Amino acid sequence: MHYKQQQLEDQLRALCDDLDEYLEDTYGAEYHLRPNRQPRGTTSSNQYDGLFATAPAFTLGYGSEHGKGYVVEISICTFDWIEPKRRKEMFDDAFAYVNAILPHYFPDRALSIVHDGNVMKIVGDFSLGDV
């Protein structure tokens, strides 16, 4: 992988880690963890502990009106029932948070967050410049 692509992916990972921390602070105590899920802060990565797991995933955007971009995946790691209205509130809150922090992580890029079907996706200029 080219180092500029790696930098981009590292920035996306940092954004998702920030989102994970926000969601844990806001909603982390509301539900029980799955039995195989470690408590928050007890593993080397917040992807593997706590109530939430967040990750960027590139998509070519076939069939999407927004085209290619990075889907921000959010998993809620519980077997507890979550009311659909509450789940929507969490995801709407996550969308607003990503919208607010996106310029911090990518100040020199024309990126935006959009709803693409039932997922949130970061779209815009992912060019690597001169490689």
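Author: Let us begin with a definition: a salt bridge is a side-chain nitrogen of Lys or Arg within 4 Å of a carboxyl oxygen of Asp or Glu. Side chains of opposite charge can pair when their charged atoms come close. The model shown here is predicted, and D17 and R13 form such a pair in it, with N and O 2.7 Å apart. Both residues belong to helix α1, 4 residues apart, which is about one turn of the helix.

Reader: Are D17 and R13 buried or partly exposed?

Author: The cut-off for buried is under 20% relative accessible area. R13 has 19% and therefore counts as buried, whereas D17, with 26%, is partly exposed.

Reader: How many salt bridges does a search of the whole structure find?

Author: The search finds 7. Among them is the pair of D25 and R40, at 2.8 Å from N to O. A network of salt bridges links E21, D25 and R40. A further pair is D116 with K121, whose closest N and O atoms are 2.5 Å apart. Here D116 is buried at 16% relative accessibility, and K121 is buried at 2%.

Reader: In what order do the strands form the sheet?

Author: The order is β1-β2-β4-β3, in an open sheet of 4 strands with antiparallel pairing. β1 and β3 are the edge strands, each pairing on one side only. From one strand to the next, the twist averages 25°. Strands β3 and β4 are joined by 6 bridges, and L111 stands opposite G124 in β4.

Reader: Which strands do the helices lie across?

Author: Helix α1 lies across β1, β2 and β4, at about 150° to β1. Helix α2 lies across β1, β2, β3 and β4, at about 165° to β3.

Reader: Which residues of the largest nonpolar core touch the most other members?

Author: They are L15 and I122, in a core of 29 residues. α1, β2, α2, β3 and β4 each supply at least two residues of this core, and α2 gives the largest share, 8 residues. Leaving aside neighbours within four places in sequence, I122 is in contact with residues including L12, L15, V72, L102 and I113.

Technical notes
Residues numbered from 1 in each chain as written. Predicted model: local features only at pLDDT ≥ 70, side-chain atom pairs only at ≥ 80, totals over all residues. Heavy atoms only, no water. Pairing = 2+ DSSP bridges. Axes fitted to C-alpha atoms, helices over the stretch in contact; angles between N-to-C directions. Contact = heavy atoms within 4.5 Å. Core = buried A, V, L, I, M, F, W, Y, C linked by side-chain atoms within 4.5 Å. Buried < 20%, exposed > 50% of the residue type's maximum accessible area, 1.4 Å probe, protein only.
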